[in-house]
Amino acid sequence: IDQEREGEQIDRALLKNVLGIFVEIGMGEMEFYENDFEDAMLKDTAAYYSRKASNWIVEDSCPDYMLKAEECLKKEKDRVSHYLHSSSETKLLEKVQNELLVVYTNQLLEKEHSGCRALLRDDKVEDLSRMYRLFHRIPKGLEQVANVFKQHVTEGSESNKAESSSGSQEQVFVRKVIELLDKYMAYVTDSFANNSLFHKVLKEAFEVFCNKFFAGCSSAELLVSYCDNILKKGGSEKLSDDAIEETLDKVVKCLAFFSDKDLFAEFYRKKLSRRLLSDKSANDDHERLILTKLKQQYGGQFTSKMERMVTDLTLAKENQSHFQEYLSNNSAANPGIDLTVTVLTTGFWPSYKSSDLSLPVEMVKCVEVFKEFYQTKMKHRKLTWIYSLDTCNINGKFESKTIELIVGTYQAAALLLFNASDRLSYSDIKSQLNLADDDLIRLLQSLSCAKYKILTKEPSNRTVSSTDHFEFNSKFTDRMRRIRIPLPLVDERKKVVEDVDKDRLYAIDACIVRIMKSRKVLPHQQLVLECVKQLSCMFKPDFKAIKKRIEDLITRDYLERDKENPKLIKYLA
């Protein structure tokens, strides 16, 4: 056998017959074969491969060593099929694996220029596949490979994050996440045979990377901004329909690694509402597609509000056509202004700031006409007007020409005041519009301090104060016949985060009650752990917050502590 291992030709048939004698004289028992031949052969095999491995580990690179190891295992298996008894196969291969792989696992994986890290760095897919094939035979052999893979993913992700943070666009970050996920997932499927251990370590490494703040924003926000860029008209991501579908699929897969899925949902709802209400959505099919993918992945509750928002827009279009019919049949009711009203269902859309804006007479009639129409259809529903979302097209008659101004209702109401007065003070405008200072300053800044100065201001500076006076700028001109004057955006981030934090408290309460309703009695610690387990699919709950909510539910008589054992929590039916 040793001669054959060294490459010499031997008489395999003779060897098979000789070994057959050991089996025959056992009369059905393997005692003679095992004691008189196999034990010595296995001992000799271990010594033989120990000598070989001690030389190879010094001389060869990791890929070359693995090639030799794989070849040796193949030849030993071949040896069993030709002349050894089949019962020897497992024992023989274990000896070879032990000497070639188990003994030198650390040295092999950590070889400086050719070990596991180097193979991952240099994308040596074939060598990594061989490494997987060799080490998956060894008990716990894959754990060390998986740990190296996890470190590589973490380090690769961090270095890419450092690269992307030097760029100006937040989009770079999400593109990098998608690229890295594709790259490392290819390793898991192609080199590591889709093994669950490698899926697990990839998930753990990506969760660390994906849940860090980047450029002052949470990763959930960046993912939403990336989606918004793909789905809105004029976004910076110019992709074909197939590419959009593929990218949205990858975005949904990436979301699995983000712990704040509820924060993603709320930010997404904000962006979706903006796209829908300002008619900025590039394609309704794509909007529905991502919602379908999110629903499949995270359940109907995750997307129910968003789906209803899309449905509301469809119903609003039908409602508008009915309103037009109503006006054509009631010429006396026609307000003389083209009016489009989008009726939204409270609860499904993000909460918007409503105000008691004093509308100009022209607009008041529009509102009254629509109210009358809506009462004929929905008698028991109340309309709340959200003027901050409105758009108005008004004609500005300037000395040089008439320019159509596309403005918000707040801006339009302020401008229409100048039809009756040439000059108005800040306090005059405030009392006539009945607006809060924050809103009034924003709208006056947009009309007197920004790119288009429709109003002139005294004193002529860049800030609006309560002592300022305003006049209509009749000398204003622009090369365009239609211009859009945007209001400065309010930073809604803080409010979204606050809303999500409030919703989390309700979610924790509901989860505790749900668990206790079914279990009736639970130890305090077990209840906390059960809550964490159930809630972690949407966000990472804080242990302290859960404990606080348990105490709160006890004070509200939903739960009570056991009198004999205070560590036991009981549900009060």
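Cys254 is buried, at a relative accessible area of 1% (buried is under 20%, exposed over 50%, partly exposed in between, with a 1.4 Å probe and protein chains only). Keep in mind that this is a predicted model, where local features need pLDDT of at least 70, side-chain atom pairs count only at pLDDT 80 or more, and totals for chains, interfaces and linings use all residues. Residues are numbered from 1 along each chain as its sequence is written, and side-chain values use heavy atoms, with hydrogens and water left out.

**Cysteines**

- You'll find zero disulfides here, a disulfide being a pair of cysteine sulfur atoms within 2.5 Å.
- Cys254 is in no disulfide, and its nearest cysteine sulfur, in Cys210, sits 6.4 Å away.
- For Cys531, the closest cysteine sulfur belongs to Cys511 at 4.0 Å, which is too far for a bond.
- Cys531 is buried too, with a relative accessible area of 0%.

**The sheet**

- Three strands make an open, antiparallel sheet in the order 3-5-4; strands (E, at least two residues) and helices (H or I, at least four) are DSSP runs numbered from the N terminus, and two strands pair if DSSP finds at least two bridges between them.
- Strand 3 (423-425) and strand 4 (455-458) are the edges, each pairing on one side only.
- On average, neighbouring strands are turned by 25° against each other, direction ignored.
- Strand 3 and strand 5 (residues 469-472) run antiparallel and are joined by three bridges.
- Leu424 has Phe470 of strand 5 as its bridge partner.

Terms used
Axes fitted to C-alpha atoms, helices over the stretch in contact; angles between N-to-C directions.
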